[in-house]
Each structure stands twice: as structure tokens, then as C-alpha cells.
Protein chains: 2
Amino acid sequence: MFDFKELEAFVWVVRLGSFRKGATKLHITQPSISDRITRLEDSVGESLLDRSARPVQPTLRGREFFTHAERLLEGRDEAMRLFQDEESFSGTLRLGVIETIASSWCPTFMRRLAERYPQLTIELMVDISPFLHQRLAENDLDMLFAMDGLVPGLCAIQTPLCTFEMGMFAAPELAAALRQGDMATFADTAFISFSKQARPYSELVAYLTALGIDTPRIHSTSTLMTIMRMSIEGLGIGVLPVATVRDAVDAGSLERLTLEEPLPPMIYDAIWRRSNYPSFCASVARLAKQCAADYAQDHGKLSSPSTMKGYVDT
Amino acid sequence: MFDFKELEAFVWVVRLGSFRKGATKLHITQPSISDRITRLEDSVGESLLDRSARPVQPTLRGREFFTHAERLLEGRDEAMRLFQDEESFSGTLRLGVIETIASSWCPTFMRRLAERYPQLTIELMVDISPFLHQRLAENDLDMLFAMDGLVPGLCAIQTPLCTFEMGMFAAPELAAALRQGDMATFADTAFISFSKQARPYSELVAYLTALGIDTPRIHSTSTLMTIMRMSIEGLGIGVLPVATVRDAVDAGSLERLTLEEPLPPMIYDAIWRRSNYPSFCASVARLAKQCAADYAQDHGKLSSPSTMKGYVDT
DNA sequence: TCACCGATGTTCGATTTCAAGGAACTCGAG
DNA sequence: CTCGAGTTCCTTGAAATCGAACATCGGTGA
């Protein structure tokens, strides 16, 4: 069975019409060229070159084989080019993103990524961070935009991506009632947060406990949109990333509540397995970080709430 | 630089998700598989497989490379198939044909050849036999349909193809004059034949000499069509393959002259260089011979001339 | 016409390189 | 601790390459 060396020898002898010239081209001796061509002919079982001709010429079959040989050599060179060009990637990137990001700067990011890597295929999965981490560990995903929370033992690279300020929001009527009520009114009101396994939920519980609210009623839902919808309907106080509800606040559907102590922000990283093409993933992470920064700048912070004991809406 | 063995190892380990399974598939040991993958990774300078995963999985770059590797292996198999399938040929056949054949059964032959070898590319050259033989010797042509006449030293295969009966034809008025004249009238009339270097010309000279006509006037032209045209115009007696002037005779433009002794027939062979893919060329020759036989059957012989001393037209 | 020379490809033997097998080792999971 | 799977190491045989010698062909000059 022939190898690339035999193909190279054949192709160059045909192109240059001479064993000697082919040998010089490939920096080997003439007997070696002769050997390679003979080996190739032995492996296919037919003569491919007419040596009596001057210049040396392919046989009919040799001419047919030549186009295949050229194509194979070009294919090998093309494959080698994958590793020499840091600036392109033509494979598939399986990306896991938490919903907050999917709802904020991710569309912009995807557009820029496609411009940057035109041959790239993206598979996007949206889920909460713990599930995303599990999938990274199981090698179902290549890269995450999520909160930290690595599965123990997984060797991965992690780089800060963005921070989202969290806020509490209520429908105007509920907000008015809370403004006229006291701490007990606040404590009796239902809260609406993400899935129980998600970090926002546990951070909310801790925050309310620190306020003295030991048994809060918290509805948990799986999507940011549902939280927003329920909050607008007046079912409770939604705890959401501030930037993601700017439109609803501007429309008057929701009002932000002023808190004595700010909620802890949600911090997100870009995370990928160490074994996975580090420079490409680092490049993707940089691009994502830029998109996040642009988004934060465009959407800014909602007006700074004045500090009052307890809570106050804006 | 990697070879096909390394590509095979990589592709099968990825497909089967296991070094051990890949080794079993390729009938080698596990350390050998490990070596091949390592050699491949060393040659490209990057890790292509994540060995900590179960099953073993390609890295991002590995996945990108996989499609190339598969394509290269398929390309090699495709090239090998050229030598295992006697029934197809996808290259270029450079065919040299004498004009008589080009004007008779060659169009039919070309059609059948294209049906038989759909991927074949044909380059057709029409010339007289000596020139065609020269070009075969210079490797400008792969195969001839011509009279024998090999350039000395050229190692070639030759197989009988067809025979064309030769006849003498004249315009009706000239034919009438010849019928009323005698041998001197015939000897004084100009003859029209092919190029001086062509066999028909020298055969005509020999024929007339045997008739006692030592210094015949013979016009020589390079094409069969020109001979026919000049004969129809009454410029002389055209010496042509009988089958090729059937239409002109049927139309009354030309009349066949009856001869005491028949002209020697023109015998044509299929000829190709021994080094050139013998089975394919033999197959082409068989197909050509069949077309020639079909043509001879369809066109038959013109009516047998009755024998008279000297000459007589039909 | 013949002998000689130069160019080119092939063959042969020696040397070097490479690939594969088998044994031992390492690592992770149960 | 055991087992399954992959890696490392050493030995051996096969394969590739080199250099020298040989063979062939075409051109040139006497």
C-alpha cells in the first residue's frame, strides 16, 4: 500500500518529466526516486510511467492516477494548514450558556464570532450553570459561559467574563403596596427566582436570612422570561439581573425596589477543558468578554437607588 | 509528517471511542495504536484526542482534523479502486484515426465508447497513417486506427480492425467518355488519390504500373472529401474506399468504373503502445472492430462489377 | 560506420531508520 | 485490591536510503 512519499515522487516525476529532476526537487538520490516509483507500481500492480519516452511520461493509467495523487497531496497539505493557521477554525464549537447571557449579549457575540470564524459551526445549549458544568465534564460541551462550579477533578481553564448586578422588581401595584407597608409586608411577599439548584436562588435565601426573613416564600422557575412574566403579573418580587429588565422598567411594567443592602452580583466566567485547543478557546473568550463589556456600557446601570433602612422602590 | 497508517489509527479510535477497539479493528497491538496516535500528534504539534474522557473523544482540533483524515482515506481507497475495476476509465484517451474511418464508422464508435466509458475524455486527431505512427512514437497519441507502419523500435500491440474495398469513380460524363474510349483514353486520364506519403497513393502507382501505365498523372490531395469533390467535378478518376462514396453514387454524382483487376483493399489496424494499459486499449479496439463490422454490413458492397478486359463502368 | 562520451535510469549491497510486538508500568474506577 | 485501558521501554525485523556499479540511449566526431 502506497504512502505520501510514493505519491510525491510520482507527481514530481510526471510534472518535471524526469527521475533525476524529481530527485533533485525532493532532495533525495535518483535510486531512491526509482525505488519509490517501483514501490508504487508494485502496490497498484500496473505500470504508471513510460520510461522509454523522453521526457518520461505517464501511461494512460498513470495519467488517470495522477489527478488522484495530486488531490491526495493537496488534501494532506490542507490538513496540515489547520495547525499552522491560528486564525481560523472550521470545526464545531459546542457552547453552553446560562440564560441571562443568552438573553443579553449573546446574539451580538454570535454575530461577531461568525464574522471572526466564518467556517465555524456553533452548537448552543442554554441551561443553568450546574447542568452546564456537568455537561462539560461529560465532554458533551466544549466551552461554558457560566458561573464557576467545576465538577471536582476536571482540568479546565477559567477566565472572568462579566458581572451582572441583581435587583428586585415588582409590578407597580405591588410596588405601591410595599411602599405603604413595612418590613413584615415585605417578608410576607412571595419572591420569584431561578431554579433551586442555581446560584441566584441560594444567594437570595442567604440574603433574606441576613435580613431576618428565615422562611421566605420563593417561587422557582427555570427561565428568566418566566420570572419577568410572573413579576409583571404581580405574583411576587422578581429577583433578576438588572440589565435584563431595562425594557420592562422603561415601559412601566415593573418597578425596581430599593434595598438597604445590595444583592450580591452574579459573576460569570468563560470555562473550557484544558485539553481543548487553548488558543482558540481563549480567543473566543476574549471576544465574549468584549461583547459583555459593550453590552454593559450600552445598557448601563439603572438609576442608583438611594439608601433607606429596609427597602424602598425607585 | 504523517502517513496513511497514522490517519487510519486516528480515524478508527475516534469512530470506536477506544484505543483498544481501534487496535483490534486494525489487527495490531494497543501500544502500536498508541504509538501511531502519538506520532500523528507530534507531527501536527497539537493534541488531537482527549484520553481522560470515556469513551476517548477528539479535542476541538481533533474533530476538525477528523473530517480531513476521513476524506484522505477515502481518496486513497478511491485511487486504489482505479486498479481493481477493469470496467471503467476516467482519464483521457488520445486517439489518432485515418480520415476514411473518421468519415465512416467513427461517429458511431465515439457514441458507443462514451456509453461504455462515461467518464472518458477523448482527444481525436485525424491524419494519414505515417504521420499518426510518428505521433504514436513520440507519445503524442495513445492509440491509432490506421494502416500498419510502425516506426522501427516502437514496442506496440496491433490488432486487425477492418478492411475497406477500394474503387475508381468518375463523374457521369467522364465515365461515358471512358466507356466509349480505349485503354489509351484511360491511361491519359488523370487520377485523384490521397497524399503521396499515404499507402493508397503508392498502391495506385503499383496497380497502374502493372497495367502498363508507367507514367500516370495522379493528383494528390490530403482529404477524402477533396478527392470526392474533384471527381464529381470531372477532374479525373477518384480512387476511394467504396463504402465512403455510396451516397454520391446513389445520387448519380459519381459512377463506379469496372476494373479488370480489383484494386488492393486498404487494411486498417488498431495499434497502441505495449506499456499503455493493455486491457483498456484491447477493449476499445474490440468496440471499434464491432462498429466497423456493423458499418460494413449496413453499407454492404456496391454491386459487383462484371469483369471485362481493360475496364468498364457499372 | 564505429567508437566514445554524457545523460539518465536501474540494480545491488551496506547502513540507517523506523515500526511493531511483548513485557512492564501507570492510572482510574469499582 | 482487582481489572480494564492506555503508556513506556526495549528488542527485533522490516523498510528506506545512500553510494557505487551497471545498463541503455542518443549525439558527436573521426
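Visitor: Which side chain of chain B does R71(A) meet in a salt bridge?
Guide: That of E78(B), with 3.5 Å from N to O. Keep in mind that this is a predicted model.

Visitor: And how many salt bridges are there between chain A and chain B?
Guide: The count is 6 salt bridges. Residue pairs in polar contact between the two chains, both residues at pLDDT 80 or more, number 12.

Visitor: Which parts of chain A touch chain B?
Guide: At least two residues each come from α1 (4-16), α3 (30-44), α4 (60-81), β3 (92-97) and α13 (278-299) of chain A. The largest share is that of α4(A), with 13 residues.

Visitor: What classes of residue are on that side of chain A?
Guide: There are 19 nonpolar, 13 polar and 13 charged residues.

Visitor: How much area is buried between the chains?
Guide: About 4100 Å², and carbon and sulfur atoms give 60% of that. On the chain A side, L60(A), R61(A) and F83(A) supply 19% of the area buried against chain B, more than any other three residues.

Visitor: How many residues does each chain put into the contact?
Guide: Chain A gives 45 residues and chain B gives 45 residues.

Visitor: New topic. Where is T59(A)?
Guide: T59(A) lies in the loop between β2 (57-58) and α4 of chain A.

Visitor: Buried or exposed, and why?
Guide: T59(A) counts as buried because its relative accessibility is 1%, and the cut-off for buried is under 20%.

Visitor: What does its side chain reach?
Guide: The side chain of T59(A) reaches the backbone oxygen of S47(A), at 3.1 Å.

Terms used
Residues numbered from 1 in each chain as written. Chains lettered and ligands numbered in written order. Predicted model: local features only at pLDDT ≥ 70, side-chain atom pairs only at ≥ 80, totals over all residues. Heavy atoms only, no water. Contact = heavy atoms within 4.5 Å. Buried area = accessible area lost by both parts, 1.4 Å probe. Salt bridge = Lys/Arg side-chain N within 4 Å of Asp/Glu carboxyl O. Polar contact = N/O pair within 3.5 Å; in protein donor to acceptor, adjacent residues only side chain to side chain. Helix = DSSP H or I, 4+ residues; strand = E, 2+ residues; numbered from the N terminus. Nonpolar A, V, L, I, M, F, W, Y, C, P; charged D, E, K, R; others polar. Buried < 20%, exposed > 50% of the residue type's maximum accessible area, 1.4 Å probe, protein only.
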